[in-house]
Amino acid sequence: MKQYETVIGLEVHVELATKTKIFCGCSTEFGGAPNTHTCPVCTGMPGSLPVLNKKVVEFALKAGLAANCQIHQYCKFDRKNYFYPDNPQNYQISQLYLPICHDGWVEIETSAGKKKIRIHEMHMEEDAGKLIHDEWEDCSLVDYNRSGVPLIEIVSEPDMRSSEEVIAYLEKLRCMMQYLGVSDCKLQEGSMRADVNLSVREVGAEEFGTRTEMKNLNSFKAIARAIEGERERQIELIEEGKAVTQETRRWDDNKEYSYAMRSKEDAKDYRYFPDPDLPPIHISDAWIEKIKAEQPELREAKQARYQEEYGLPAYDAGILTESRHLAGLFEETAAIYGNAKKTANWFMGEVLRLTKDKAMDPEQVSFSPKHLADLLVMVEKSEVSPQNAKKVFEKVFAEDIDPVAYIEEHGLKIVEDTGLLEETINRILDANPGPLSELLGGKDKVMGFFVGQIMKEMKGKANPASARETLMKEVEKRK
Amino acid sequence: MELEKLTALQLGEKIKQRQVSVLDGVKTVFEQIEKQDSEVHAYLDTYKEAYKRAEEVQKGIEDGTYTSPLAGVPIAIKDNICINGKKTTCASKILENFVPQYNAEVIDRLEKAGLVIIGKTNMDEFAMGSTTETSAYGITRNPWNLEHVPGGSSGGSCAAVAAGETYLALGSDTGGSIRQPSSYCGVTGIKPTYGTVSRYGLVAYASSLDQIGPVGKDVSDCAALLEIIAGHDTKDSTSMKREDLQFSKELTGDIKGMKFGVPEEYLAEGLDLEVKASFMGVLDTLKELGAEVEFFSIKTMEYMIPAYYIIASAEASSNLERFDGVKYGFRAAEYEGLHDMYKKTRTAGFGEEVKRRIMLGSFVLSSGYYDAYYLKALRTKALIKKEFDQAFGKYDVLLAPASPFTAPKIGESLKDPLAMYLGDIYTVAVNLCGLPGITVPCGKDSKGLPIGIQMIGDCFMEKKILRAAHAYETSRGSFAVPGEGGTR
Amino acid sequence: MAKIIDDETMENVCILAKLSLSEEEKEKAKAEMQKMLDYVEKLDELDTSEVEPMSHIFQDENVFREDVVTNGDNKEAMLANAPKAKEGQYQVPKTIG
């Protein structure tokens with residue numbers, strides 16, 4: 001059988017985390033009642049006019065520069081004309097002729113190693129509204145709350161060859177956008193969406209095969225499944241001697257099959273032309289320099305720094321920087337506590353374990369770094385046992401309680417009350433004459449037994465070192 | 001006192017002096033409407049609450065809230081300008097029941113200055129037409145001769161001013177839609193520099209060309225109204241930050257040494273002889289006033305109409321996509337599915353001329369033709385602009401007829417759309433290049449129909465054309481009103 | 001030579017513009033568009049090879065808004081003109097089969 005290679009390019013839509021829409025002062029907040037975040041502009045009322053949100057340009061520049069793009073310092077918006085009810089003007093304001101960013105790349109890492117994926121362009125555009133299908137009346141209902149939410153569309157070159165590479169690329173973009181603070185990239189809320197352009201060709205062939213575009217991909221898993229499904233469908237066609245048709249297909253993740261979206265009313269001729277309502281944008285060198293200077297440390301840089309500055313292993317540095325949010329918590333905690341290495345251990349152990357156990361998104365972790373730092377200080381000073389500290393941290397993690405007060409209130413603090421310790425030790429010594437005589441006879445092995453007994457009696461509130469020390473003293477007295 | 005014969009500023013002054021009340025002005029206008037509008041049909045809608053508004057404004061003038069020289073003066077609004085809570089149809093069936101929930105910026109400005117809005121005026125559907133005959137709600141007739149059109153597309157606004165059915169009006173001008181009907185109706189109208197008056201709330205025809213402008217009985221009235229409506233608006237990205245907006249004080253009458261340029265191609269074949277004679281008369285007057293008048297050549301003239309119609313239609317095809325029966329306006333009663341609803345709604349909702357331009361515009365933007373038509377037109381526009389820039393290196397003001405002929409008879413123009421488009425030859429370049437232009441009456445033909453002269457300035461040079469137009473107007477003397485031989 | 005407007009072109013224009021014309025109207029529209037295109041062909045006389053297309057007359061200054069929420073809940077005003085509405089939404093024929 002012939003060997004086939006899959007050729008994949010992606011169009012990724014990322015919703016920008018601005019407070020307002022791209023062309024009007026409506027809120028972009030997710031989840032409002034239908035049409036409560038709308039105005040004449042984002043519902044396409046006659047006579048309304050768009051005014052560009054400056055933050056959208058800044059975010060697009062941040063994203064483009066982070067992805068090594070060139071900038072069109074003179075760029076324009078174009079109208080993309082097509083009729084659909086989620087598109088209130090029946091044209092979408094987008095960029096075709098002079099997209100803000102172009103010709104960049106990002107590096108991905110898969111089991112096969114590192115690889116550069118080239119980015120053809122990134123452009124700014126407005127999102128469409130939401131259509132809900134009303135089964136009762138067999139009609140559709142339109143909500144324009146999302147209409148006009150700013151997007152950047154990131155168009156890759158056809159540089160990917162497997163679903164593994166596609167997922168790595170998407171994760172790379174998501175991480176980058178989150179680090180930049182330009183998008184939260186939540187797939188479930190639709191703030192990151194991908195259309196997959198896919199073709200197959202025989203291994204070694206120079207020409208690309210005919211590609212299809214797949215839409216409606218809502219999760220990384222669906223994307224992976226859609227890629228496998230479409231690859232198989234195309235290979236089957238070729239093996240049967242049939243041609244692949246260039247078309248847009250809709251992936252049905254339940255049926256694991258894609259369907260051609262075809263309609264004779266779909267002319268697919270968008271008649272792009274420069275939007276006369278929006279003057280061109282001039283992006284000065286100074287503006288670009290300013291954005292560059294303000295770029296946050298991205299994951300790769302952070303990872304390297306953790307290794308160098310904190311002496312963390314590459315693996316730990318990689319894990320800790322997966323989420324900018326978590327990395328931020330880590331750095332703040334380490335700064336307050338003063339020992340990055342020990343903080344890292346705690347994150348690698350407790351924080352990640354709890355995040356995983358509770359099936360949380362790293363972005364949702366929200367305890368105060370000060371609280372964890374205080375706890376770590378108490379552990380270091382032997383004011384709380386490591387076992388109790390872990391239990392207390394569960395409370396910090398879940399409810400962000402103040403660990404110092406909590407430990408105090410719940411009597412978990414290790415006591416330096418030598419009177420109580422002496423009393424406890426003597427009681428234990430009296431209760432165990434056998435082991436005591438062994439100890440007095442010079443058999444140090446039973447020390448461990450006694451220390452264990454003491455710690456048990458003290459319910460962890462004793463410091464093992466001072467327990468051992470006091471024990472020695474009391475035994476000495478009985479010699 | 002025959003109040004209807006006053007200019008807007010004269011009325012405003014009398015109101016200020018308490019010689020007449022705001023209500024008197026409003027009543028006068030309604031009397032004229034009552035008397036004539038069944039024949040002229042300048043209005044699509046009139047607002048009886050103007051009487052109540054008149055009383056409020058009267059109080060506002062008395063307590064010093066309103067200090068504009070036009071406070072208390074009635075004004076009519078072209079029906080493509082949105083007024084909150086008032087039907088705004090663009091003279092189209094597709095917006096037959098559309099009531100905007102917001103004001104156009106110009107409406108806010110008029111209200112702040114204390115003008116009284118009387119009603120909405122008729123127009124060519126979506127401002128596409130040169131005669132006001134493409135309105136879905138009946139034609140408007142020229143008050144000078146009811147057998148003739150008032151011009152268009154702001155025909156209702158110009159006819160209303162000419163008939164004394166209002167003192168002032170707002171029109172919009174995309175390719176001559178204020179200047180040409182002003183000429184046909186013997187009134188004065190200004191198309192300001194692009195970006196001078198906010199387009200927010202003006203239902204777009206061709207966004208890169210549209211401007212709202214004043215229509216009035218004379219230059220002073222128009223200058224005063226322009227002062228009110230001009231100014232930067234953050235809601236319109238194409239609105240300019242200008243500071244030179246004190247127009248009225250430019251009207252000094254002194255144009256000594258001012259340089260006027262006349263494109264000789266504009267006087268070649270196609271120009272009606274009577275219009276030409278009247279035009280030449282203006283040149284003499286200007287010279288007598290101490291101005292220099294020189295002929296020069298504009299080589300891009302024959303490319304203006306093609307470039308204009310490609311650009312305007314392309315933008316219109318996109319601007320009018322939003323009229324689909326989903327969010328507002330007319331929706332066809334019977335349809336099967338989404339696309340059928342779109343088609344039935346738009347086919348029944350738009351008139352013939354609008355459809356013609358939407359189809360042309362869709363075609364010139366379509367795949368395979370974009371470069372050959374649309375981009376070519378944008379390149380041509382750049383050449384035309386360059387030629388005008390050169391002309392303004394030499395001249396303060398350019399002179400042109402407003403139209404090659406006087407108002408045509410009703411029913412004549414729509415027979416041949418292309419011939420009608422050619423009538424825009426003297427006006428479209430002003431829009432393509434963003435220039436300001438004014439039309440002032442300069443005579444009448446043998447049929448008694450008014451003739452207008454157009455003065456064109458460089459971008460932001462309203463002051464020069466206003467000064468020139470006012471000086472000419474003063475020298476010309478008063479201009480008769482329709483139906484009388486006498487003077488105003 | 002100007003583009004010849006044939007039935008197929010006319011059909012395509014109607015799909016793009018969402019208009020449906022009767023046969024008679026189509027013939028008329030075809031003829032009118034042909035006439036117009038023949039006329040605008042005049043532009044071909046001009047050598048514009050060295051000229052940049054001019055989309056905007058004034059384009060020196062950037063025009064932006066700050067990212068500040070200025071609009072509240074306008075639902076009722078926005079839906080006031082809807083030909084058909086249901087549960088605070090615009091109602092349209094079913095969009096996906």
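Select C:K86 and C:Q89: within β2(C), C:Q89 is the bridge partner of C:K86. Strands here are DSSP runs of E, at least two residues long, and helices are runs of H or I, at least four, numbered from the N terminus. This is a predicted model, in which local features need pLDDT of at least 70, side-chain atom pairs count only at pLDDT 80 or more, and totals for chains, interfaces and linings use all residues. Residues are numbered from 1 along each chain as its sequence is written, with chains lettered from A and ligands numbered from 1 in the order in which they are written.

Strands count as paired if DSSP finds at least two bridges between them. The open sheet has 4 strands, antiparallel, in the order β8(A)-β9(A)-β2(C)-β1(C). β8 (130-134) of chain A and β1 (85-86) of chain C are the edges; each has a single partner strand, so one side of each lacks a neighbour in the sheet.

**Chain C against chain B**

Show chains B and C together. Here 36 residues of chain C are in contact with 52 of chain B (contact: C-beta atoms, placed from the backbone, within 7 Å). On the chain C side, α1 (7-17), α2 (23-40) and β2 each supply at least two residues. α2(C) gives the most, with 7 residues. By class, that side has 24 nonpolar, 6 polar and 6 charged residues. Nonpolar means Ala, Val, Leu, Ile, Met, Phe, Trp, Tyr, Cys and Pro; charged means Asp, Glu, Lys and Arg; the others, Gly among them, are polar.

**Chain A as a whole**

Switch to chain A. It has 15 helices and 16 strands. Its radius of gyration, 31 Å, is well over the 23 Å of the globule rule for 479 residues, so chain A is more spread out than a compact globule. The radius is taken over C-alpha atoms, and the rule is 2.2 Å times the number of residues to the power 0.38. The C-alpha trace spans about 100 × 60 × 55 Å along its principal axes.

**Helix α9 of chain A**

Select residues 369-380 of chain A, helix α9. Its buried residues include A:H371, A:L372 and A:D374 (buried: 20 or more other C-beta atoms within 10 Å of its own, placed from the backbone; exposed: 12 or fewer; partly exposed: in between). Among the elements covering them are α7 (324-337) and α10 (386-399) of chain A.

Note on methods: Two residues are in contact if their C-beta atoms, placed from the backbone, lie within 7 Å. The expected span of a helix is 1.5 Å times one less than its number of residues.
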